[in-house]
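I am opening a notebook on this structure.

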Amino acid sequence: MNGPMFRYLRTRCLQSLIVICLIIVGSFFLLRLVPGDMVDIMAGQQGDMDATLMATLRARYGLDQPVLIQLYHYVGGIVQGDLGYSYRNSTSVLSLILQRLPATGLLVICSVFVAVFVGTLAGVVSARHAHRPLDIIVSMVVLLFYATPIFLSGLALMLIFSVKLKWLPLAGLTTPGVELGVWGTALDITRHMILPVVSLSLFYIAIYTRLARASMLQVLDQDYIRTAHAKGLSTTHVILGHALRNALLPVVTMVGLQVAELFGGAVLTETIFGLPGIGRLAYDAVFQRDYPLILGILIVCAFVTIFVNLAIDVVYTLLDPRVKIAR
């Protein structure tokens, strides 16, 4: 690793660390602004909890201490890898998140890959045949994808491919009660993930198609593209070897934003298709007012988002040599 890249990564890591600290402190105080605490919720649900028992529970969970002391203990726990204890689920927050993270991670990664690949390909084809019938057809299809809500596309896909045609499973991540080998389990998970991935990626396919088309049209009008054609290079070589690299810059920028949105917005897809993911866990935690779990999910999602955006910044500098890392 060269010097400028090392200094750039060091600066970005320090900035990310500051952002994470601000997120931890801000989220902690934000949740403390909500009236009542976990013991009040437990007392309200049981209905017969006396003041002595409530005081005992507050002392056990450290809720009777000043807020700054609670923040100090919470930050100290995070440094040691402890995100707190979920009173609702009677287990640690970190173990709950680790149980749900693979499903959401698989859904987000596959959705991003499908959206980027299909959207970029459609955008390049549309720009290559700009203002022709194929361009008009692609524009109409992506407009349909863009205008269709995710929950509606998910229900439509479920009705067509699961209920009517019975080609794909209706819901869940695996088939319950069936013993499968390694490859059988992988195939079973793949079949269960097809509809959620397609449903979640349709909207972003439309965005990537429009971005790639607009960027490709701008790049194809540059002098170096005309020079490449004048050298006798084939159209495929010019597009893939010269134009596409620069046309990908806005697409790569959008990937970082999409990952953050998907981690927060996957709850709808996970609810429709019954996937045991982070979004569904956060949805349940909000309704159960499980504050330690909500705070833990916020921090983990912030970690993932910051890491992905850091990786996107590095990829961006590699795609465009004109972007200087540091001087």
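**A bent helix**

I started with α10 and found a kink of about 30° centred on Gly-241. I note that the model is predicted.

I then checked the span of α10, residues 235–247. Its 13 residues put the end C-alpha atoms only 15 Å apart, whereas a straight helix at 1.5 Å a residue would reach 18 Å.

Which residues of α10 are buried? I listed Val-238, Ile-239, Ala-243, Leu-244 and Ala-247.

**The largest pocket**

Next I looked up the open space. The largest pocket holds about 620 Å³. I counted 23 lining residues, and those closest to the pocket centre are Arg-32, Tyr-61, Leu-63, Gln-70 and Tyr-87.

Which helix gives the largest share of this lining? I found that α4 does, with five residues. The helices α1 (3–32), α4 (67–79) and α13 (291–319) each supply at least two.

By domain, I noted at least three lining residues from each of domain 1 (32–82) and domain 2 (100–324). By class, I recorded 13 nonpolar, seven polar and three charged residues in the pocket lining.

**The cavity**

I wrote down its lining as Phe-145, Thr-148, Pro-149, Ile-150, Ser-153, Ser-199, Leu-202 and Phe-203. Helix α8 (182–220) and helix α7 (150–164) each contribute at least two of the cavity's lining residues, with the largest share, three, coming from α8. I sorted the cavity lining into five nonpolar and three polar residues, with no charged ones.

Terms used: Residues numbered from 1 in each chain as written. Predicted model: local features only at pLDDT ≥ 70, side-chain atom pairs only at ≥ 80, totals over all residues. Heavy atoms only, no water. 1 Å grid on protein atoms, 1.4 Å probe; cavity = no way out; pocket = protein on both sides within 12 Å on 5 of 7 lines; lining within 4 Å. Points joined across faces, edges and corners; volume = space filled by probe spheres on them. Helix = DSSP H or I, 4+ residues; strand = E, 2+ residues; numbered from the N terminus. Nonpolar A, V, L, I, M, F, W, Y, C, P; charged D, E, K, R; others polar. Domains from an automatic or database assignment. Expected span 1.5 Å × (residues − 1). Bend = angle between axes of the 7 residues up to and from the residue. Buried < 20%, exposed > 50% of the residue type's maximum accessible area, 1.4 Å probe, protein only.
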